[in-house]
Amino acid sequence: MAGQPLTVLTDVDLALERGEFVALQGASGSGKSTLLQLLGGLDAPSAGEIIFKGKSVQHQTPQAAAIFRGLHIGFVFQAYHLLPDLDALENVYLPAQVQRAPQTKAVARARELLDAVGLANRMTHLPTELSGGEQQRVAIARALMNEPEIILADEPTGNLDTGTEAEIIALLAQLHRDRNLTLLVATHDDVVAAAAQRIVRLKDGRVAD
Ligand SMILES: Nc1ncnc2c1ncn2[C@@H]1O[C@H](COP(=O)(O)OP(=O)(O)O)[C@@H](O)[C@H]1O
Ligand SMILES: [Mg+2]
């Protein structure tokens with residue numbers, strides 16, 4: 001900031017096992033989003049190493065980072081980030097299009113995923129024609145499209161009311177069980193964290209607990 005380096009994360013040493021459901025908790029500003037962005041290759045660490053499936057991940061170019069993300073990582077954001085001009089089905093199969101996967105297969109998988117998140121009857125709805133909870137379901141289906149090994153979710157229930165929040169947590173927990181997903185969910189919410197198998201607490205950019 002203003003030419004001064006801002007240290008956000010320090011000495012973070014964290015290992016996630018395949019198939020784990022981990023909550024990343026910490027106050028606002030503790031570095032949760034930053035950590036997810038580093039793990040997902042949306043940002044690069046100034047020091048230290050990220051190891052994925054035994055290999056150090058060091059993206060030489062933004063394109064290389066994008067390819068890594070497209071193949072291995074599914075992101076779910078607080079504000080859904082659906083493309084407004086695409087309907088639910090098109091939003092879900094977009095990641096496969098980016099990977100140039102065969103269209104017919106991709107559409108079939110997108111349908112299966114929308115069905116799995118409870119939106120079989122909303123496939124042709126635009127984002128503006130969906131509730132917040134439904135938009136997040138579409139975003140979750142999209143995150144699963146390329147069969148990523150890990151889902152990184154940043155405050156996925158932050159914009160939702162309590163009832164809808166419970167539904168989205170239950171959905172994530174069910175997908176975790178059914179699809180052997182590795183799930184890292186950043187949240188400041190104890191209710192969300194309670195659904196996880198393990199809680200990692202960040203405090204001032206360090207793993208506190
Ligand atoms: N683009 C940025 N430029 C400068 N500082 C930032 C930027 N993004 C986040 N920060 C700072 O980094 C710290 C961690 O932010 P963040 O990872 O978003 O925390 P959390 O997700 O836990 O709320 C905060 O103090 C925040 O102000
Ligand atoms: Mg955040």
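1. The largest pocket holds about 990 Å³ of space. Here a pocket is an open set of points on a 1 Å grid over the protein atoms alone, where a 1.4 Å probe fits, with protein on both sides within 12 Å along at least five of seven lines, and lining residues have an atom within 4 Å of a point. Volume is the space filled by probe spheres set on the points, which are joined across faces, edges and corners. Its lining counts 33 residues, with Leu35, Leu38, Leu39, Glu49 and Ile50 closest to the centre.

2. Housekeeping: this is a predicted model, where local features need pLDDT of at least 70 and side-chain atom pairs pLDDT 80 or more, while totals for chains, interfaces and linings use all residues. Residues are numbered from 1 along each chain, chains are lettered from A and ligands numbered from 1 as written, and side-chain values use heavy atoms, without hydrogens and water.

3. Back at that lining, α1 (32-39) and β2 (51-52) each bring at least two residues, and α1 gives the most, four. Helices (H or I, at least four residues) and strands (E, at least two) are DSSP runs, numbered from the N terminus.

4. The second largest pocket comes to about 520 Å³. Among its 19 lining residues, Arg69, Gly70, Ile73, Pro95 and Arg142 sit nearest the centre. The top contributor is α2, with four residues.

5. Now ligand 1: an oxygen atom is 3.0 Å from a polar backbone atom of glycine 31, and a polar side-chain atom of threonine 34 lies 2.5 Å from an oxygen atom of the ligand.

Methods: A polar contact is a pair of N or O atoms within 3.5 Å; within protein, one must be able to donate a hydrogen and the other to accept it, and residues adjacent in sequence count only if both atoms are side-chain atoms.
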